[in-house]
Amino acid sequence: MEQSFIMIKPDGVQRGLVGEIISRFEKKGFYLKGVKLLSVERSFAEKHYADLSARPFFPALVDYIISGPVVAMVWEGKNVVLTGRKIIGATNPSDSAPGTIRGDFAIEMGRNVIHGSDSIESAWKEIALWFPEGIA
Ligand code: ATP
Ligand code: MG
């Protein structure tokens with residue numbers, strides 16, 4: 001069954017949005033297969049966002065991701081990658097529709113609360129990176 005890697009970013013954790021976000025994915029009908037609270041080091045965050053390493057905002061993005069603990073999750077279900085991205089909303093919260101997580105809880109692109117895998121291939125890579133111990 002299809003899986004996606006979903007991460008609540010440091011601002012989402014600090015603002016107390018963990019329960020709300022998990023609830024939205026659960027109520028949609030997806031299954032939580034793995035979850036952990038952890039802080040990551042710079043080199044790890046750089047690996048996670050390696051595809052963006054040439055972008056001007058990359059250093060600020062890495063600073064953001066390592067600024068506090070994150071909640072790393074694996075969610076499973078039919079079309080979870082694409083549907084998860086819809087639940088999350090557009091990258092820039094100014095463009096995210098109300099009713100999406102970013103549309104409801106974010107204003108700044110650099111503090112957009114949550115990450116979701118953008119393809120099935122990215123999901124495999126990200127799950128392997130974040131859950132090297134495997135999931136139940
Ligand atoms: P994520 O990968 O975090 O789920 P995304 O897939 O919607 O987000 P990406 O293009 O992968 O968007 O960018 C990763 C993250 O980098 C964004 O979520 C945002 O925090 C940051 N980012 C992207 N573009 C910009 C930008 N132009 N200026 C500042 N930050 C940006
Ligand atoms: Mg992305």
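Reader: What do the buried residues of α2 pack against?
Author: In this predicted model, the buried residues of α2 pack against β1, β3, α5, α6 and β4, where buried means under 20% relative accessible area, exposed over 50% and partly exposed in between, with a 1.4 Å probe and protein chains only. Helices (H or I, at least four residues) and strands (E, at least two) are DSSP runs, numbered from the N terminus.

Reader: And which residues of α2 are buried?
Author: They are I21, I22, S23 and F25.

Reader: What does F25 touch?
Author: Setting aside residues up to four places away in sequence, F25 touches I6, F30, W75, G84, I87, I88, I101 and I114, contact being heavy atoms within 4.5 Å.

Reader: How many residues are in the largest nonpolar core?
Author: That core has 18 residues, and I21, F25, W75, I101, V113 and I114 are those with the most contacts inside it; a nonpolar core here is a set of buried Ala, Val, Leu, Ile, Met, Phe, Trp, Tyr and Cys residues joined through side-chain atoms within 4.5 Å. Two or more residues come from each of β1, α2, β3, α5 (80–88) and α6 (101–105). Another core, of 17 residues, lies apart from it and includes A45, Y49, A72 and I127.

Reader: Switching to the sheet, what is the strand order?
Author: The sheet is open, with four strands in the order β2-β3-β1-β4 and antiparallel pairing, two strands being paired if DSSP finds at least two bridges between them. At the edges are β2 (31–38) and β4 (114–116), each pairing on one side only, and the twist averages 15° from one strand to the next.

Reader: How many bridges join β1 to β3?
Author: Six bridges join β1 (residues 3–8) to the antiparallel β3 (residues 70–76), and V71 in β3 is the bridge partner of I8.

Reader: Which strands does α2 lie across?
Author: Helix α2 (residues 18–28) lies across β1, β3 and β4, at about 5° to β3; axes are lines fitted to C-alpha atoms, for helices over the stretch in contact, and angles run from 0 to 180 degrees between N-to-C directions. Helix α7 (residues 120–130) also packs on the sheet, touching β1, β2, β3 and β4, and its direction makes about 55° with that of β1.

Reader: Where is I66, and what is it in contact with?
Author: I66 is in the loop between α4 (58–65) and β3, and, leaving aside neighbours within four places in sequence, I66 is in contact with V40, E41, R42 and A45. I66 is partly exposed, with a relative accessible area of 26%.

Reader: What conventions apply to the numbering and the values?
Author: Residues are numbered from 1 along each chain as its sequence is written, while chains are lettered from A and ligands numbered from 1 in the order in which they are written. Local features need pLDDT of at least 70, side-chain atom pairs count only at pLDDT 80 or more, and totals for chains, interfaces and linings use all residues, while side-chain values use heavy atoms, leaving out hydrogens and water.
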